[in-house]
Each structure stands twice: as C-alpha cells, then as structure tokens.
Amino acid sequence: MLPTIVLDFDGTIALGAGPLEAFARAVAISADDPTFADRAMSDLAAFERGDTDARDGYDVISTLATGQGVTADALEAAYQSSRALLGSEHAAIAPPAGLADFLTRVHPRVRLVLATNAPGAGIRPVLDGWGITPLFDDLHFTVGKPSGLIPIIQAAIAEGPVLSVGDIFEFDLAPAAAQGAATALVGATAERSPAAVTMRGRTIADLYGDIEAWAATAASSTPRSTTLTERHDPNA
C-alpha cells in the first residue's frame, strides 16, 4: 500500500496563459466580437492581481462571454477548439520549474495520479513531451469535478493517505478534504483564499519541500503490503 498524490493539470502542473488566450480568441470568433479577446485578457490580469473574484481564468472568460450573450454550447465549442491547440505556439504552456525532477524524487514513495476536467487528447502529448507520463500511475481526464473527483479520492484513500493538489479549492480540494485527504492550494487564489487547506503556494514548485515531507511521513505511517510468503514467515 502507498500514499497517493492527486494532481490537477491546468494551473497546477501546467502553467501559462496560452490556453486561456486561445480560449478567448475562440470565443471572440464565436461572438463575432474582435474586441473580446483583449477585454478577456484584461479581466484575467485583474483576477491574477486579486482585484476580482473567480474560480480560475476559464471562469473569468466564461463569465464575460455569458454576460454578452454567448451561449453555453458556443462556449463549449470554443473551449474544445482551444484545447486542440494545447502545447502549440498558439496555446503555449510550461511545467513549473523542476517538475520532472520533483515527480521522480517523490514517485518511489507515493502513487501519482492526474485528475483533470480537461480532455485527454491535448494533454497526453504534452506529458509525453515533458517526459513525465511514465511517472503517473493513473491518468483521469474529463473527470467532472467536483463530484467526479470523489470516487478517485475514495479509491486512493482505501490504499493509504492522500494529498490532493490543485488551483481551484471548490473543484480540486473541497471534495478531497471531505473524504479526509490532505490538500494543497496553488495558483492565483492561494494567497488570498480563506479556505482551510494543508498547504498553499503560488505554484507547486513553492511546495516541493512540503509535499516531499508529507510523502515521507505518509509513507512511514502506511503499512507495507506483504506477500503471501511474508505473511507466513515469522522472520519477514
């Protein structure tokens, strides 16, 4: 049995405004409004500064679009078209500094699980390009957080302690905390959110040491699975 770290993707292990810019451009085309993208990025900058409240950047853009009559179907189509560009020059992203080394260090002590609401088509090539796909024990896409995260957390908790890491408390952390998991909040709201979390930082890179300490403690407190021979060997 091993502890588990559940990681979100956008805003957690994938940083950069590229996907949001691509989404805003796609919405602008759908709305036939050439000024939309610039206004959306201005609102996004205000959110990053802490001047406005929103769940994340996608919420910022969607709220602006809905306010000027863009339908839910049009928003979904714009989102899907923007995700097809993920990782390209039109929707550039980058991992937090030292991510691959961090995951390599922590993986022997824990199971690593990716759980994201985003579709997998654009994410898998990115993980491959960053050389971290083999470090994940499970990949979950289009999860349907917050409720869709619950069975993933429950299955992990059955095996040992769990730490859930993400940038949206309501989606990534609240369902995990309700099941008894530890939580780490990262991203634009980490410093100002009043939510009770186990740890917080502007990016996950700020928490590498804390997460490794959590993993070491969790691994030492988790009974090691034994083989049938070991269970019958008094010297095992």
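Colleague: Which residues are linked with Lys-145 in a network of salt bridges?

Modeller: Asp-8 and Asp-172 are linked with Lys-145 in that network. Please keep in mind throughout that this is a predicted model.

Colleague: Where does Asp-172 lie, and is its side buried or exposed?

Modeller: Asp-172 lies in helix α8. To judge burial, one compares the relative accessible area with a cut-off: under 20% a residue counts as buried. Asp-172 has a relative accessibility of 3%, and therefore counts as buried.

Colleague: How many salt bridges does the count come to?

Modeller: The count comes to nine salt bridges. A pair qualifies when a side-chain nitrogen of Lys or Arg is within 4 Å of a carboxyl oxygen of Asp or Glu. One of these pairs is Asp-10 with Arg-83, at 3.0 Å from N to O. Asp-10 belongs to the loop between β1 and α1, and Arg-83 to helix α4, so their pairing ties together parts that are 73 residues apart in sequence.

Colleague: Are Asp-10 and Arg-83 buried or exposed?

Modeller: Both Asp-10 and Arg-83 are buried. For the salt bridge between Asp-59 and Arg-55, with an N to O distance of 3.6 Å, each partner is read in turn. Asp-59 counts as buried because its relative accessibility is 17%. Arg-55, with a relative accessible area of 36%, is partly exposed.

Colleague: Which residue forms a salt bridge with Glu-212?

Modeller: Arg-105 is the partner of Glu-212, and the closest N and O atoms are 2.8 Å apart. This pair links distant parts of the chain, since Glu-212 is in helix α9 and Arg-105 in helix α5, 107 residues apart. Glu-212 is partly exposed at 22% relative accessible area, and Arg-105 is partly exposed at 43%.

Colleague: How many bridges join β2 and β3, and which residue of β3 stands opposite Val-113?

Modeller: β2, residues 111–115, pairs with β3 in the parallel sense over three bridges. Opposite Val-113 stands Asp-138 of β3.

Colleague: Finally, how much space lies in the largest pocket, and which residues lie nearest its centre?

Modeller: The largest pocket holds about 530 Å³ of space. Its lining comprises 20 residues, and nearest the centre lie Asp-56, Tyr-58, Tyr-79, Asn-117 and Phe-171. Two or more lining residues come from each of α3, α4 and α8; α4 gives the largest share, four residues.

Methods
Residues numbered from 1 in each chain as written. Predicted model: local features only at pLDDT ≥ 70, side-chain atom pairs only at ≥ 80, totals over all residues. Heavy atoms only, no water. Pairing = 2+ DSSP bridges. Buried < 20%, exposed > 50% of the residue type's maximum accessible area, 1.4 Å probe, protein only. 1 Å grid on protein atoms, 1.4 Å probe; cavity = no way out; pocket = protein on both sides within 12 Å on 5 of 7 lines; lining within 4 Å. Points joined across faces, edges and corners; volume = space filled by probe spheres on them.
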